[in-house]
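Subject: Structure handover

Hello,

I am passing this structure on to you. Please look through the sequence and the model before reading my notes.

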Amino acid sequence: MFGGLLIYFTQDFPSWGDPQAPASMHVSPRYIEKTMEETSVPNIVTAVLADYRGYDTMFETIVIFTAGIASILLLRVLKRTKSERQMYRHVPTGLTLRIEKGFGPPPDSKDFERIDLMWVPYDLIVKTGSRLIVPFSQLFALYVIAHGHHSPGGGFQGGVILGASIILFAISNNLRSSFTLISEKLAVLLCGLGVILYAGTGALCMFFGSNFLDYGALSQILGVDLVTARSHGILMVEIGVGICVMAVMVLLYYNLASAGRHDEGL
Amino acid sequence: MIWEIELVVLLIVLICGIGAIMVKDLLGAAILFGAYSFMMCLLWAIMGAVDVAFTEASVGAGISTVLFVAAVFRTSRRTKD
(Lines give C-alpha, C1' and ligand atoms only; values in the text may rest on other atoms or scores of the structure.)
Protein backbone atom coordinates (compact mmCIF):
# COMPACT_ATOMS: atom_id res chain seq x y z
CA MET A 1 0.00 0.00 0.00
CA PHE A 2 2.86 2.32 0.80
CA GLY A 3 4.34 1.53 -2.60
CA GLY A 4 1.04 2.40 -4.21
CA LEU A 5 0.99 5.73 -2.41
CA LEU A 6 4.53 6.48 -3.58
CA ILE A 7 3.64 5.65 -7.17
CA TYR A 8 0.62 7.93 -6.94
CA PHE A 9 2.81 10.77 -5.71
CA THR A 10 5.28 10.36 -8.52
CA GLN A 11 2.62 11.50 -10.95
CA ASP A 12 3.31 14.98 -9.65
CA PHE A 13 6.93 15.06 -10.75
CA PRO A 14 7.90 16.83 -13.98
CA SER A 15 8.09 14.34 -16.78
CA TRP A 16 11.44 12.85 -17.63
CA GLY A 17 13.61 15.11 -19.76
CA ASP A 18 11.19 18.00 -19.56
CA PRO A 19 12.96 21.18 -20.67
CA GLN A 20 10.81 23.26 -18.32
CA ALA A 21 11.70 21.36 -15.17
CA PRO A 22 13.81 23.25 -12.64
CA ALA A 23 16.60 20.70 -12.95
CA SER A 24 17.09 21.43 -16.62
CA MET A 25 16.49 25.14 -16.44
CA HIS A 26 18.89 26.15 -13.70
CA VAL A 27 21.26 23.32 -12.84
CA SER A 28 22.10 21.62 -16.12
CA PRO A 29 22.71 24.60 -18.42
CA ARG A 30 25.23 26.08 -16.03
CA TYR A 31 27.28 22.91 -16.00
CA ILE A 32 26.89 22.25 -19.69
CA GLU A 33 28.00 25.73 -20.66
CA LYS A 34 30.69 26.39 -18.13
CA THR A 35 32.53 23.06 -17.92
CA MET A 36 34.65 23.42 -21.03
CA GLU A 37 35.79 26.95 -20.30
CA GLU A 38 36.38 26.49 -16.60
CA THR A 39 37.97 23.06 -16.46
CA SER A 40 38.73 22.06 -20.09
CA VAL A 41 37.40 18.58 -19.44
CA PRO A 42 34.93 17.48 -22.13
CA ASN A 43 33.30 14.78 -20.00
CA ILE A 44 30.78 16.74 -17.96
CA VAL A 45 29.99 13.83 -15.66
CA THR A 46 33.59 13.45 -14.55
CA ALA A 47 33.95 17.20 -14.09
CA VAL A 48 30.84 17.40 -11.92
CA LEU A 49 31.84 14.32 -9.92
CA ALA A 50 35.42 15.26 -9.24
CA ASP A 51 35.49 19.01 -9.38
CA TYR A 52 32.17 20.70 -8.83
CA ARG A 53 30.96 18.07 -6.36
CA GLY A 54 34.36 16.81 -5.31
CA TYR A 55 33.53 16.91 -1.62
CA ASP A 56 30.85 14.24 -2.05
CA THR A 57 33.18 12.04 -4.03
CA MET A 58 35.73 12.27 -1.26
CA PHE A 59 33.22 10.96 1.24
CA GLU A 60 32.20 8.26 -1.20
CA THR A 61 35.81 7.13 -1.32
CA ILE A 62 35.94 7.13 2.46
CA VAL A 63 32.81 4.97 2.55
CA ILE A 64 34.43 2.46 0.22
CA PHE A 65 37.54 2.48 2.41
CA THR A 66 35.32 1.84 5.45
CA ALA A 67 33.74 -1.13 3.70
CA GLY A 68 37.15 -2.68 3.14
CA ILE A 69 38.19 -2.12 6.75
CA ALA A 70 34.84 -3.48 7.98
CA SER A 71 35.33 -6.68 6.03
CA ILE A 72 38.66 -7.14 7.77
CA LEU A 73 37.22 -6.39 11.20
CA LEU A 74 34.27 -8.70 10.74
CA LEU A 75 35.76 -11.67 8.98
CA ARG A 76 39.43 -11.84 9.70
CA VAL A 77 40.55 -14.67 11.94
CA LEU A 78 44.05 -14.23 13.24
CA LYS A 79 44.68 -17.49 15.07
CA ARG A 80 48.00 -19.03 14.30
CA THR A 81 46.95 -22.67 14.59
CA LYS A 82 46.72 -24.61 11.38
CA SER A 83 43.36 -25.98 10.35
CA GLU A 84 42.84 -29.63 11.21
CA ARG A 85 42.63 -31.00 7.75
CA GLN A 86 45.30 -30.14 5.28
CA MET A 87 46.02 -31.75 1.98
CA TYR A 88 49.41 -32.13 0.48
CA ARG A 89 50.41 -33.44 -2.85
CA HIS A 90 53.61 -35.30 -3.53
CA VAL A 91 54.80 -33.84 -6.79
CA PRO A 92 57.05 -36.57 -8.25
CA THR A 93 54.47 -39.32 -7.90
CA GLY A 94 51.22 -37.35 -7.86
CA LEU A 95 49.99 -38.84 -4.60
CA THR A 96 47.62 -36.81 -2.51
CA LEU A 97 47.95 -36.96 1.23
CA ARG A 98 45.34 -35.88 3.69
CA ILE A 99 46.90 -34.93 6.97
CA GLU A 100 44.82 -34.55 10.06
CA LYS A 101 45.50 -33.00 13.41
CA GLY A 102 48.54 -30.95 12.77
CA PHE A 103 51.26 -33.23 11.51
CA GLY A 104 52.82 -32.32 8.27
CA PRO A 105 55.70 -32.88 5.93
CA PRO A 106 58.96 -31.10 6.67
CA PRO A 107 58.43 -27.47 5.76
CA ASP A 108 61.38 -27.10 3.40
CA SER A 109 60.95 -30.11 1.24
CA LYS A 110 60.30 -29.29 -2.35
CA ASP A 111 58.42 -32.45 -3.16
CA PHE A 112 55.26 -31.58 -1.28
CA GLU A 113 53.00 -28.74 -2.26
CA ARG A 114 50.01 -27.61 -0.32
CA ILE A 115 46.71 -27.78 -2.14
CA ASP A 116 43.23 -26.70 -1.25
CA LEU A 117 40.55 -28.95 0.13
CA MET A 118 38.67 -28.74 -3.14
CA TRP A 119 41.49 -29.12 -5.58
CA VAL A 120 41.12 -29.77 -9.28
CA PRO A 121 43.97 -30.90 -11.47
CA TYR A 122 45.94 -28.49 -13.58
CA ASP A 123 43.62 -27.02 -16.14
CA LEU A 124 45.34 -25.68 -19.21
CA ILE A 125 42.46 -23.72 -20.66
CA VAL A 126 41.63 -21.74 -17.55
CA LYS A 127 45.23 -20.90 -16.74
CA THR A 128 46.16 -19.90 -20.29
CA GLY A 129 42.98 -17.90 -20.77
CA SER A 130 43.43 -15.93 -17.59
CA ARG A 131 47.12 -15.44 -18.35
CA LEU A 132 46.10 -13.76 -21.60
CA ILE A 133 43.26 -11.72 -20.16
CA VAL A 134 44.83 -10.32 -16.96
CA PRO A 135 47.51 -8.04 -18.47
CA PHE A 136 45.18 -6.66 -21.12
CA SER A 137 42.43 -5.96 -18.65
CA GLN A 138 44.88 -4.16 -16.39
CA LEU A 139 46.00 -2.06 -19.31
CA PHE A 140 42.39 -1.30 -20.15
CA ALA A 141 41.72 -0.32 -16.55
CA LEU A 142 44.63 2.13 -16.57
CA TYR A 143 43.33 3.52 -19.83
CA VAL A 144 39.87 4.01 -18.32
CA ILE A 145 41.31 5.91 -15.36
CA ALA A 146 43.55 8.13 -17.43
CA HIS A 147 41.03 8.77 -20.20
CA GLY A 148 38.19 9.67 -17.87
CA HIS A 149 38.33 13.23 -19.07
CA HIS A 150 37.18 12.45 -22.56
CA SER A 151 35.35 9.13 -22.45
CA PRO A 152 32.97 7.54 -20.00
CA GLY A 153 34.89 6.11 -17.14
CA GLY A 154 37.01 7.79 -14.56
CA GLY A 155 38.58 6.63 -11.37
CA PHE A 156 35.92 4.42 -9.93
CA GLN A 157 35.32 2.22 -12.96
CA GLY A 158 39.02 1.81 -13.65
CA GLY A 159 39.68 0.83 -10.07
CA VAL A 160 36.96 -1.82 -10.16
CA ILE A 161 38.38 -3.34 -13.35
CA LEU A 162 41.89 -3.37 -11.86
CA GLY A 163 40.60 -5.17 -8.77
CA ALA A 164 38.67 -7.59 -10.95
CA SER A 165 41.84 -8.49 -12.87
CA ILE A 166 43.61 -9.40 -9.63
CA ILE A 167 40.60 -11.43 -8.52
CA LEU A 168 40.69 -13.25 -11.85
CA PHE A 169 44.30 -14.13 -11.21
CA ALA A 170 43.41 -15.36 -7.72
CA ILE A 171 40.58 -17.50 -9.04
CA SER A 172 42.45 -19.16 -11.88
CA ASN A 173 45.64 -19.77 -9.95
CA ASN A 174 45.84 -20.44 -6.26
CA LEU A 175 44.63 -17.90 -3.73
CA ARG A 176 47.95 -18.38 -1.97
CA SER A 177 49.88 -17.42 -5.09
CA SER A 178 47.89 -14.22 -5.19
CA PHE A 179 49.01 -13.48 -1.65
CA THR A 180 52.60 -13.39 -2.82
CA LEU A 181 51.67 -10.68 -5.31
CA ILE A 182 49.32 -8.48 -3.31
CA SER A 183 49.72 -9.32 0.35
CA GLU A 184 47.18 -8.11 2.84
CA LYS A 185 49.52 -5.48 4.20
CA LEU A 186 50.04 -4.02 0.76
CA ALA A 187 46.32 -3.94 0.05
CA VAL A 188 45.55 -2.10 3.28
CA LEU A 189 48.37 0.36 2.63
CA LEU A 190 47.05 1.04 -0.87
CA CYS A 191 43.60 1.61 0.55
CA GLY A 192 44.84 4.32 2.83
CA LEU A 193 47.09 5.73 0.15
CA GLY A 194 44.13 6.31 -2.15
CA VAL A 195 42.20 8.27 0.45
CA ILE A 196 45.32 10.24 1.42
CA LEU A 197 45.87 11.14 -2.24
CA TYR A 198 42.36 12.50 -2.50
CA ALA A 199 42.30 14.41 0.76
CA GLY A 200 45.90 15.44 0.28
CA THR A 201 45.10 17.10 -3.01
CA GLY A 202 42.41 19.07 -1.24
CA ALA A 203 44.72 20.00 1.60
CA LEU A 204 47.42 21.02 -0.87
CA CYS A 205 44.98 23.45 -2.36
CA MET A 206 44.40 24.88 1.08
CA PHE A 207 48.12 25.53 1.56
CA PHE A 208 48.04 28.01 -1.27
CA GLY A 209 45.25 30.01 0.24
CA SER A 210 42.18 28.76 -1.64
CA ASN A 211 39.30 26.74 -0.32
CA PHE A 212 39.50 23.02 0.28
CA LEU A 213 39.48 21.06 -3.01
CA ASP A 214 39.66 24.19 -5.13
CA TYR A 215 42.05 22.94 -7.76
CA GLY A 216 42.79 26.36 -9.15
CA ALA A 217 45.37 26.83 -6.44
CA LEU A 218 47.45 24.02 -7.93
CA SER A 219 48.39 26.30 -10.80
CA GLN A 220 51.09 27.77 -8.62
CA ILE A 221 53.06 24.59 -8.18
CA LEU A 222 52.28 23.02 -11.54
CA GLY A 223 53.08 26.14 -13.44
CA VAL A 224 50.14 26.05 -15.81
CA ASP A 225 47.18 28.33 -16.11
CA LEU A 226 44.09 28.05 -13.98
CA VAL A 227 41.95 25.95 -16.31
CA THR A 228 44.55 23.24 -16.96
CA ALA A 229 45.33 23.11 -13.24
CA ARG A 230 41.76 22.09 -12.59
CA SER A 231 42.04 19.38 -15.21
CA HIS A 232 45.21 18.04 -13.58
CA GLY A 233 43.60 18.22 -10.17
CA ILE A 234 40.74 16.07 -11.44
CA LEU A 235 43.27 13.55 -12.77
CA MET A 236 45.12 13.30 -9.45
CA VAL A 237 41.89 12.82 -7.59
CA GLU A 238 40.70 10.11 -9.97
CA ILE A 239 43.97 8.23 -9.51
CA GLY A 240 43.45 8.33 -5.76
CA VAL A 241 39.93 6.98 -6.10
CA GLY A 242 41.10 4.22 -8.45
CA ILE A 243 43.83 3.01 -6.12
CA CYS A 244 41.50 2.91 -3.13
CA VAL A 245 38.77 1.05 -5.00
CA MET A 246 41.19 -1.55 -6.35
CA ALA A 247 42.60 -2.29 -2.90
CA VAL A 248 39.13 -2.59 -1.38
CA MET A 249 37.92 -5.01 -4.06
CA VAL A 250 40.95 -7.21 -3.49
CA LEU A 251 40.52 -7.10 0.29
CA LEU A 252 36.82 -7.96 0.06
CA TYR A 253 37.56 -10.96 -2.12
CA TYR A 254 40.38 -12.19 0.12
CA ASN A 255 38.24 -12.02 3.22
CA LEU A 256 35.16 -13.56 1.64
CA ALA A 257 36.75 -16.40 -0.30
CA SER A 258 38.90 -17.68 2.51
CA ALA A 259 36.45 -16.93 5.37
CA GLY A 260 39.02 -14.73 7.03
CA ARG A 261 41.68 -17.34 7.43
CA HIS A 262 43.69 -16.37 4.37
CA ASP A 263 45.05 -19.84 3.71
CA GLU A 264 42.71 -21.52 1.29
CA GLY A 265 40.20 -20.18 -1.08
CA LEU A 266 38.17 -20.49 -4.24
CA MET B 1 14.62 4.18 -28.55
CA ILE B 2 12.35 1.50 -29.97
CA TRP B 3 9.79 0.94 -27.27
CA GLU B 4 9.53 -2.79 -27.79
CA ILE B 5 13.18 -3.28 -26.85
CA GLU B 6 12.71 -1.16 -23.74
CA LEU B 7 9.67 -3.19 -22.78
CA VAL B 8 11.52 -6.47 -23.16
CA VAL B 9 14.44 -5.21 -21.04
CA LEU B 10 12.07 -3.99 -18.34
CA LEU B 11 10.24 -7.32 -18.32
CA ILE B 12 13.51 -9.22 -17.96
CA VAL B 13 14.47 -6.93 -15.07
CA LEU B 14 11.20 -7.77 -13.32
CA ILE B 15 11.53 -11.49 -13.95
CA CYS B 16 15.14 -11.59 -12.76
CA GLY B 17 14.29 -9.62 -9.65
CA ILE B 18 11.39 -11.84 -8.63
CA GLY B 19 13.24 -14.99 -9.64
CA ALA B 20 16.31 -14.14 -7.58
CA ILE B 21 14.16 -14.13 -4.46
CA MET B 22 12.11 -17.22 -5.23
CA VAL B 23 14.84 -19.60 -6.38
CA LYS B 24 15.92 -22.21 -3.86
CA ASP B 25 19.45 -22.63 -5.13
CA LEU B 26 21.67 -19.82 -3.89
CA LEU B 27 24.15 -20.11 -6.72
CA GLY B 28 21.32 -19.65 -9.19
CA ALA B 29 20.22 -16.58 -7.24
CA ALA B 30 23.73 -15.15 -7.56
CA ILE B 31 23.68 -15.64 -11.32
CA LEU B 32 20.22 -14.07 -11.51
CA PHE B 33 21.57 -11.03 -9.67
CA GLY B 34 24.28 -10.81 -12.30
CA ALA B 35 21.71 -10.94 -15.09
CA TYR B 36 19.60 -8.30 -13.30
CA SER B 37 22.61 -6.05 -13.05
CA PHE B 38 23.36 -6.44 -16.74
CA MET B 39 19.78 -5.52 -17.68
CA MET B 40 19.96 -2.44 -15.43
CA CYS B 41 23.15 -1.48 -17.26
CA LEU B 42 21.27 -1.71 -20.56
CA LEU B 43 18.44 0.40 -19.17
CA TRP B 44 20.79 3.13 -18.11
CA ALA B 45 22.50 3.08 -21.47
CA ILE B 46 19.07 3.45 -23.10
CA MET B 47 18.37 6.48 -20.89
CA GLY B 48 21.64 8.05 -21.95
CA ALA B 49 23.65 7.77 -18.73
CA VAL B 50 26.72 6.04 -20.12
CA ASP B 51 28.97 6.58 -17.09
CA VAL B 52 26.43 4.99 -14.80
CA ALA B 53 26.00 2.08 -17.22
CA PHE B 54 29.77 1.55 -17.27
CA THR B 55 29.91 1.52 -13.49
CA GLU B 56 26.95 -0.84 -13.20
CA ALA B 57 28.46 -3.22 -15.75
CA SER B 58 31.84 -3.37 -14.06
CA VAL B 59 30.57 -3.53 -10.48
CA GLY B 60 27.39 -5.53 -10.86
CA ALA B 61 28.24 -8.06 -13.51
CA GLY B 62 31.87 -8.37 -12.46
CA ILE B 63 32.66 -7.85 -8.82
CA SER B 64 29.25 -8.37 -7.23
CA THR B 65 28.64 -11.74 -8.86
CA VAL B 66 32.12 -12.96 -7.89
CA LEU B 67 31.65 -11.87 -4.28
CA PHE B 68 28.25 -13.56 -4.12
CA VAL B 69 29.70 -16.80 -5.47
CA ALA B 70 32.54 -16.63 -2.95
CA ALA B 71 30.04 -16.13 -0.12
CA VAL B 72 27.87 -19.06 -1.33
CA PHE B 73 31.01 -21.19 -1.53
CA ARG B 74 31.70 -20.62 2.14
CA THR B 75 28.16 -21.15 3.38
CA SER B 76 25.47 -23.53 2.29
CA ARG B 77 24.26 -23.80 -1.25
CA ARG B 78 20.62 -24.37 -0.51
CA THR B 79 18.59 -21.63 1.03
CA LYS B 80 17.40 -22.28 4.55
CA ASP B 81 13.86 -20.93 4.15
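Predicted model: local features only at pLDDT ≥ 70, side-chain atom pairs only at ≥ 80, totals over all residues.

Chain A

Chain A contains ten helices and three strands. Starting at the N terminus, its elements follow the order α-α-α-α-β-β-β-α-α-α-α-α-α. Of its 266 residues, 30% count as buried. For contacts in chain A between residues at least 6 apart in sequence, 65% link residues at least 24 apart.

One helix pair in this chain is H5(A) and H6(A). Their axes come within 8 Å and cross at roughly 165 degrees. Because angles over 145 degrees count as roughly antiparallel, H5(A) is roughly antiparallel to H6(A). The crossing of H5(A) past H6(A) is left-handed. On the H5(A) side, the residues making the contact include A:Val126, A:Ile133, A:Ser137, A:Phe140 and A:Val144. On the H6(A) side they include A:Gly155, A:Ile161, A:Leu168 and A:Phe169. Sorted by class, this contact has twelve nonpolar, eight polar and one charged residues.

In sequence, A:Tyr143 is 110 residues from A:Glu33, and their C-alpha atoms are 27 Å apart in space.

Chain B

Chain B has three helices and zero strands, giving the pattern α-α-α along the sequence. Its C-alpha trace spans about 45 × 25 × 10 Å along the principal axes. Of the 81 residues of chain B, 21% count as buried. Among the contacts in chain B with a separation of 6 or more, 54% come from residues 24 or more positions apart.

Helix H2(B) takes in residues 26–47 of chain B. Does the distance between its ends agree or disagree with the expected span? At 1.5 Å a residue, its 22 residues should span 32 Å, and the C-alpha atoms at its ends are 31 Å apart, so the two agree. The expected span here is 1.5 Å times one less than the number of residues. Just after H2(B), B:Gly48 has a positive phi of about 100 degrees.

Several residues of H2(B) are buried: B:Ala30, B:Leu32, B:Gly34, B:Tyr36, B:Met39, B:Met40 and B:Cys41. Their cover includes helix H1 (3–22) and helix H3 (50–74) of chain B.

H1(B) packs on H2(B) at an angle of about 155 degrees, with the axes 9 Å apart. That angle makes H1(B) roughly antiparallel to H2(B). H1(B) passes H2(B) in a left-handed crossing. From H1(B), the contact takes residues including B:Val9, B:Ile12, B:Cys16 and B:Ala20. From H2(B), B:Leu32, B:Tyr36, B:Met39 and B:Met40 are among those taking part, and these four are also buried. By class, the contact of H1(B) with H2(B) divides into 15 nonpolar, two polar and one charged residues.

Where the chains meet

The contact between the chains takes 17 residues from chain A and 14 residues from chain B. On the side of chain A that touches chain B, helix H6 (155–172) and helix H10 (226–257) each supply at least two residues. Which helix gives the largest share of that side? H6(A) does, with seven residues. The side of chain A that touches chain B has 14 nonpolar, three polar and no charged residues.

The axes of H10(A) and H3(B) come within 8 Å and cross at roughly 20 degrees. The two helices are therefore roughly parallel to each other. H10(A) passes H3(B) in a left-handed crossing. H10(A) brings A:Met249, A:Leu252, A:Tyr253, A:Leu256 and A:Ala257 to this contact, and H3(B) brings B:Ile63, B:Val66, B:Leu67, B:Ala70 and B:Ala71. The residues of this contact are ten nonpolar, no polar and no charged.

Regards

How values were computed: Residues numbered from 1 in each chain as written. Chains lettered and ligands numbered in written order. Contact = placed C-beta atoms within 7 Å. Nonpolar A, V, L, I, M, F, W, Y, C, P; charged D, E, K, R; others polar. Buried ≥ 20, exposed ≤ 12 C-beta atoms within 10 Å, placed from the backbone. Axes fitted to C-alpha atoms, helices over the stretch in contact; angles between N-to-C directions. Parallel < 35°, antiparallel > 145°, perpendicular 65-115°, else oblique. Left-handed = near helix turned anticlockwise from the far one by under 90°.
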